[in-house]
Amino acid sequence: MMILYDDQFKKREDVRIDIEDRAYQFGDGIYEVIRVYDGKPFYLKEHLERLEKSAKKIRLNLPYSLDELEDRLNQLIKQNDFTQGNLYLQVSRGTAPRNHAFPKNSAPLLIAYTQPAERPVKEQTEGIRAITAEDIRWLWCDVKSLNLLGAVLAKQEAHDKHCKEAIFIRDGIVTEGSSTNLFMVKDGMLLTHPADHFILHGITRKITLQLADQLQIPVSEKKFGKESLFDADEIFITSTTMEICPVVEVDGKTIGDGCPGPLTRRLQEAFKRLIPSKTEA
């Protein structure tokens with residue numbers, strides 16, 4: 001497998017990261033995960049625009065323009081003859097002697113690689129189980145940074161309880177999943193947390209809101225409490241890797257009738273129509 005390392009394409013076994021790279025020592029960097037369908041990166045421009053916004057928030061200069069990045073990532077897909085799965089992109093502040101303050105002379109390091117993965121059809125068809133967890137993350141959740149320990153701990157807690165996702169609760173308010181955005185359906189209305197600094201502005205979240213508008217599904221971006229989850233008619237999560245996935249149980253309590261709901265299925269079908277036909281299940 002070939003990897004994009006800075007401005008070079010290298011074999012994975014030939015890539016070496018310095019022990020003083022700031023991604024390794026401080027989590028000082030940003031990343032994106034882009035879905036690839038039929039050899040084509042899905043909503044690539046939107047992902048790269050979000051990468052640029054994250055970079056500006058942490059005062060990190062991207063090593064290339066977005067057009068140059070797009071070209072290199074498409075080259076990487078072709079080099080690996082990659083058809084379906086995930087494209088991972090990471091930019092760190094680079095290598096420098098360990099010091100919390102920004103180094104004066106480090107150059108940002110870009111790494112990207114492909115990861116084969118099938119679409120999660122079983123989960124989308126049957127739904128998943130989730131738990132709730134205290135949102136202990138920092139307050140810039142809209143920055144897609146490498147600081148993911150809070151999300152990792154919550155995801156592991158879900159895994160320990162044989163669940164697929166952890167739904168974060170901050171001060172009694174539902175924010176999002178540990179690696180997903182969350183939507184709730186009540187009386188035909190789609191509800192989701194506002195796109196502020198408490199959540200990541202997901203690309204699939206954005207697509208879902210656009211699809212809801214096209215389908216004339218009413219949407220309310222407002223805060224709601226934990227107890228609202230258990231009274232929901234439907235719940236689903238969205239992400240690059242999970243697409244639109246129903247949640248049929250939270251904290252051991254059945255949501256709705258325990259099956260993916262009709263509004264969720266409508267949005268799933270609309271989302272599938274955006275995907276190149278060769279990859280549809």
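This is a predicted model: local features need pLDDT of at least 70, side-chain atom pairs count only at pLDDT 80 or more; totals for chains, interfaces and linings use all residues.
**The crossing of two helices**

Begin by selecting helix α6, residues 203-214, together with helix α8, residues 262-272. The axes of α6 and α8 lie 10 Å apart, and the helices pack at an angle of about 105°. Because angles of 65 to 115 degrees count as roughly perpendicular, α6 is described as roughly perpendicular to α8. To display the contact, show the side chains of Thr204, Ile207, Thr208, Leu211 and Ala212 on α6, and those of Leu267, Ala270 and Phe271 on α8. Six of the residues in this contact are nonpolar and two are polar, while none is charged.

Seven aromatic pairs are counted in the model. One of them joins Tyr37 and Phe42, edge-to-face, with 5.1 Å from centre to centre and 90° between the planes. Tyr37 and Phe42 are both buried.

Next, centre the view on Phe42 and Phe271. Their ring centres are 5.6 Å apart and their planes meet at 65°, so this pair too is edge-to-face. Which parts of the chain does the pair of Phe42 and Phe271 tie together? Phe42 lies in the loop between β4 (40-41) and α2 (44-57), whereas Phe271 belongs to helix α8, so the pair links parts that are 229 residues apart in sequence. Because buried means under 20% relative accessible area, Phe42 counts as buried at 12%, and Phe271 is buried at 2%.

Most residues other than glycine have a negative phi.

Move to Asp6, in the loop between β1 (2-5) and β2 (8-11). Phi of Asp6 is likewise positive, near 60°. Is Asp6 buried, partly exposed or exposed? With 28% relative accessibility, Asp6 counts as partly exposed.

**Charges over rings**

Select Arg93 and Phe102. The charged end of Arg93 sits over the ring of Phe102, 3.7 Å from the ring centre. Then select Lys253 and Phe230, where the charged end of Lys253 sits over the Phe230 ring at 4.4 Å from its centre.

**A buried arginine and an exposed one**

Arg137 is buried, its relative accessible area being 16%. What surrounds Arg137, leaving aside neighbours within four places in sequence? The residues in contact with Arg137 are Gly150, Ala151, Phe168, Arg170, Thr175, Glu176 and Phe198. Gly150 is 13 residues from Arg137 along the chain, and their C-alpha atoms are separated by 5.3 Å.

Finish at Arg273, in the segment after α8. Arg273 is exposed, with a relative accessible area of 59%, whereas Arg137 is buried. A distance drawn from Arg273 to Phe183 gives 20 Å, C-alpha to C-alpha, for two residues that are 90 residues apart in sequence.

Methods. Residues are numbered from 1 along each chain as its sequence is written. Side-chain values use heavy atoms; hydrogens and water are left out. Helices (H or I, at least four residues) and strands (E, at least two) are DSSP runs, numbered from the N terminus. Buried means under 20% relative accessible area, exposed over 50%, partly exposed in between (1.4 Å probe, protein chains only). Axes are lines fitted to C-alpha atoms, for helices over the stretch in contact, and angles run from 0 to 180 degrees between N-to-C directions. Angles under 35 degrees count as roughly parallel, over 145 as roughly antiparallel, 65 to 115 as roughly perpendicular and the rest as oblique. Contact means heavy atoms within 4.5 Å. Ala, Val, Leu, Ile, Met, Phe, Trp, Tyr, Cys and Pro count as nonpolar, Asp, Glu, Lys and Arg as charged, and the others, Gly among them, as polar. Rings of Phe, Tyr and Trp (its six-membered ring) pair if their centres lie within 6.5 Å; planes under 30 degrees apart count as stacked, over 60 as edge-to-face and the rest as tilted. A charge sits over a ring if NZ of Lys or CZ of Arg is within 6 Å of the ring centre and within 35 degrees of the ring normal.
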